[in-house]
Amino acid sequence: MRRLLLLLACFFALTAQRDPILVPEVSQDEVQVRQGFTGTELLLFGAILDPSGDQAATDYDIVVVLKGPTEPIRVREKEQIGGIWMNAESTDFRSAPSYFAVASSSPIDEIVDDRTAAIYELGTRFIQLSPSGAIDPEEQARFTAGLVDLRERQGLYKEDMEGVKISEQVLYQARIALPSNVTTGTYTAETFAIARGRVIASAVARVEVRKVGFERFVEVFSQRQSFFYGLLAVGLSIFMGWMAGRLFALV
């Protein structure tokens, strides 16, 4: 009898679950970086459905977060001393996303509070960086803001608060541009459905960005044969310098 009651309780708990299901897709799961690569645009789209397979019962907003591979980075401050800009204080971050883009159907501050936005990194000011060693919170915030500002100017960090279009509360789509200076590796596209200030569903899709052709050969050679790659780079620099000198001598 106790087992029967437990099974009934589980059944009603499962059937009472009405959180929607996200089904995400990406226009291309691989981006090939060749010579002359000028960037590309990814279309992130999908559907949000009720567990029964019908249209989701409530209105919702969609936020898409596209993140590139993380990497360690040192951030330096510039200070003007005697009319000359020089390196001043610096701090190291163990993991900073090489690329970070957010697109949403409504402004983030209108659909979630700061705590929820920070948990899911819904915006450039909520990027979670891992500093190396102890650092004063105010100093960390200053260096984080500096890193975000630098990469925004490089086109590597961006926000589009009206970048997601929703049709009939079922289909959504967002277009996010990848610039030519993106880092190769695995990119994660996290999609969040939000209703009444709460994340009600989430899903992840992945995109592989890799070099092909001669660029791929150079990348692999530099990683696997770093010593010989260094010698080749130095030798090529010396040869190019010699050639430039000979050409100027002939003019």
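Is Thr124 buried or exposed? Thr124 is buried, with a relative accessible area of 8% (buried means under 20% relative accessible area, exposed over 50%, partly exposed in between; 1.4 Å probe, protein chains only). The model is predicted: local features need pLDDT of at least 70, side-chain atom pairs count only at pLDDT 80 or more, and totals for chains, interfaces and linings use all residues. Residues are numbered from 1 along each chain as its sequence is written, and side-chain values use heavy atoms, without hydrogens and water.

**View 1. Surroundings of Thr124.** The residue sits in the loop between helix H3 (114-120) and strand E8 (130-131) (helices, H or I, of at least four residues and strands, E, of at least two are DSSP runs, numbered from the N terminus). Beyond neighbours within four places in sequence, Thr124 is in contact (heavy atoms within 4.5 Å) with Phe100, Val148, Glu152, Tyr157, Lys158 and Glu159.

**View 2. Salt bridge between Arg74 and Asp92.** Their closest N and O atoms are 2.7 Å apart (a salt bridge is a side-chain nitrogen of Lys or Arg within 4 Å of a carboxyl oxygen of Asp or Glu). The pair links distant parts of the chain, with Arg74 in strand E5 (residues 70-81) and Asp92 in strand E6 (residues 84-97), 18 residues apart. Arg74 is partly exposed at 48% relative accessibility, and Asp92 is partly exposed at 26%.

**View 3. Salt bridge between Asp149 and Arg153.** The closest N and O atoms are 3.1 Å apart. Both residues lie in helix H4 (residues 137-153), four residues apart, about one turn of the helix. Asp149 is partly exposed at 38% relative accessibility, whereas Arg153 is exposed at 60%.
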